Amino acid sequence: MISIIVPTYNERENLEELFERIAKALERKEFEIIVVDDDSPDRTWEKAEELAKEYPMKVIRRTNERGLSSAVIRGFEEARGEIFVVMDADLQHPPEVIPELIKAIENGADIAIASRYVRGGKVENWYWWRKLISRGAIMIGRVALPKIRGIRDPVSGFFALKRKVVEGVELNPVGFKILLEILIKGRYSKVVEIPFTFGLRSSGESKLSNKQILNYLRHLYRLMKWEGEIDRLVKFSIVGLSGIVVNEGSLLGFVEFLGWDKRIAVIPATELSILNNFIWNDLWTFKDIKKKPIHLRLLNFHLAALTGALVQWSIYLILLYLGVNYLIANLFGIGFSFVVRFLFNRNITWG
Ligand SMILES: Nc1nc2c(ncn2[C@@H]2O[C@H](COP(=O)(O)OP(=O)(O)OP(=O)(O)O)[C@@H](O)[C@H]2O)c(=O)[nH]1
Ligand SMILES: [Mg+2]
């Protein structure tokens, strides 16, 4: 049996068509629809209860809780099927795609995502800025969380999964992007993405607000913490500081004790600090990941350092040009360089 979980908030006008199309798409399957409504002011729950006479359906009206992710989690708890499908009520997620998701699951996938961003998928009628925010948010998520690097649309609200992926898994109900939470914490091995066209909202209003962008970043931070990526970031910073000590110390030694030219001595001093950082990052920060042979790790680490330096210098020059104080400009450069080097090393050197 398939359980279709539909979180709703003020979606009264969309239910009739939604259920009709779901029932048509799943004609030959056994299914149930679980509507989780947060006591919508437009009485969506009432409309759903009315339609429950026609379709196999369970309507949950929550009066003391509000939130998309927690509604979906509640749906999981109520579902009796072996396959769960999660979708929006506003018809942006065409029910006709459900059979394709189910087929992917039956063919061995643990999670099947209806994806806007694989070949054949698209978003209709979005302003360029909304596309940009969506793409940017996904890109940030993919570099921040290497586990989901291969997934094109890890924040889709339309997906199917096997019950066992989330059963017994403690999901955090905060936020709008429950799929992200599942992809990090769920128990699965195979994910596939099925292209679909994310259409226009059929009727009713969007619940998406600017606040969600900040929420999303907070969600990413929590997931990075959960994944141990924040620990890595801290270790990487400590190693970076040790590199400064090595760099300054060896520069001092070369100049004062060996009498080398100051203009030249800085080069081997820097190289020594790079080697120092490489060793500690390899043995400590990224000790659990060693996929590439050591000479490639070493090469990539140098490339990361070089890229970081170029980024630092570019930001510095740009900010100088904009009239920013040179010390502050440099600080921004250093900050950006740090982020770039971390991400480069995390995703490529030890990727
Ligand atoms: N139960 C419940 N459902 C919600 C809540 N917020 C949103 N939803 C539902 O979740 C789905 C997605 O919300 P939308 O407002 O359509 O978000 P969106 O698709 O990203 O934004 P639009 O493109 O503007 O529609 C819809 O079915 C909403 O009714 C909530 O707090 N509780
Ligand atoms: Mg919508």
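1. Basis. This is a predicted model, in which local features need pLDDT of at least 70 and side-chain atom pairs count only at pLDDT 80 or more, while totals for chains, interfaces and linings use all residues. Residues are numbered from 1 along each chain as its sequence is written, and chains are lettered from A and ligands numbered from 1 in the order in which they are written.

2. Domains. The domain assignment gives domain 1 as 2-226 and domain 2 as 229-349; such bounds come from an automatic or database assignment. Between the C-alpha centres of domain 1 and domain 2 there are 42 Å. Contact between the two involves seven residues of domain 1 and five residues of domain 2, where contact means that C-beta atoms, placed from the backbone, lie within 7 Å. On the domain 1 side, helix 5 (128-144) and helix 8 (211-227) each supply at least two of the touching residues. Helices (H or I, at least four residues) and strands (E, at least two) are DSSP runs, numbered from the N terminus.

3. Seven strands make up an open sheet with mixed pairing, in the order 3-2-1-4-7-5-8. Two strands count as paired if DSSP finds at least two bridges between them. Strand 3 and strand 8 (191-195) are the edge strands; each has a single partner strand, so one side of each has no neighbour in the sheet. From one strand to the next the twist averages 20°, with axes taken as lines fitted to C-alpha atoms (for helices over the stretch in contact) and angles running from 0 to 180 degrees between N-to-C directions.

4. Two pairings. Strands of a sheet pair through backbone hydrogen bonds, either parallel or antiparallel. Strand 2 (residues 31-37) and strand 3 (residues 57-61) run parallel and are joined by five bridges. In this pair, Ile34 is opposite Lys58 of strand 3. The chain gets from strand 2 to strand 3 through helix 2 (residues 44-51), in a right-handed β-α-β crossover; right-handed means that, with the strands pointing away from the viewer, the path from the first strand over the helix to the second runs clockwise. Strand 4 (residues 83-86) and strand 7 (residues 159-162) run antiparallel, with four bridges, and Ile83 is opposite Lys162 of strand 7.

5. Thr44. This residue belongs to helix 2. Thr44 counts as buried because it has 25 C-beta neighbours inside 10 Å; the cut-offs are 20 or more other C-beta atoms within 10 Å for buried, 12 or fewer for exposed, and in between for partly exposed, with C-beta atoms placed from the backbone. Leaving out residues up to four places away in sequence, Thr44 touches Thr8, Asn10, Glu11, Arg12, Leu15 and Asp37. Thr44 and Tyr9 are 35 residues apart along the chain, with 7.1 Å between their C-alpha atoms.

6. Val246. Helix 9 (residues 229-256) contains Val246. Val246 counts as partly exposed because it has 18 C-beta neighbours inside 10 Å. Beyond four places in sequence, its contacts are Leu272, Ser273 and Asn276.

7. Annotated regions. UniProt (unreviewed entry) places "domain: GtrA/DPMS transmembrane" at residues 235-350; its positions follow the numbering used here, feature names are shortened, and annotations may be inferred rather than shown by experiment. Residues 235-350 are 84% helix and 0% strand. The same record places "transmembrane region" at residues 298-320 and 326-344. Residues 298-320 are 100% helix, with end C-alpha atoms 33 Å apart; residues 326-344 are also 100% helix, with end C-alpha atoms 26 Å apart.
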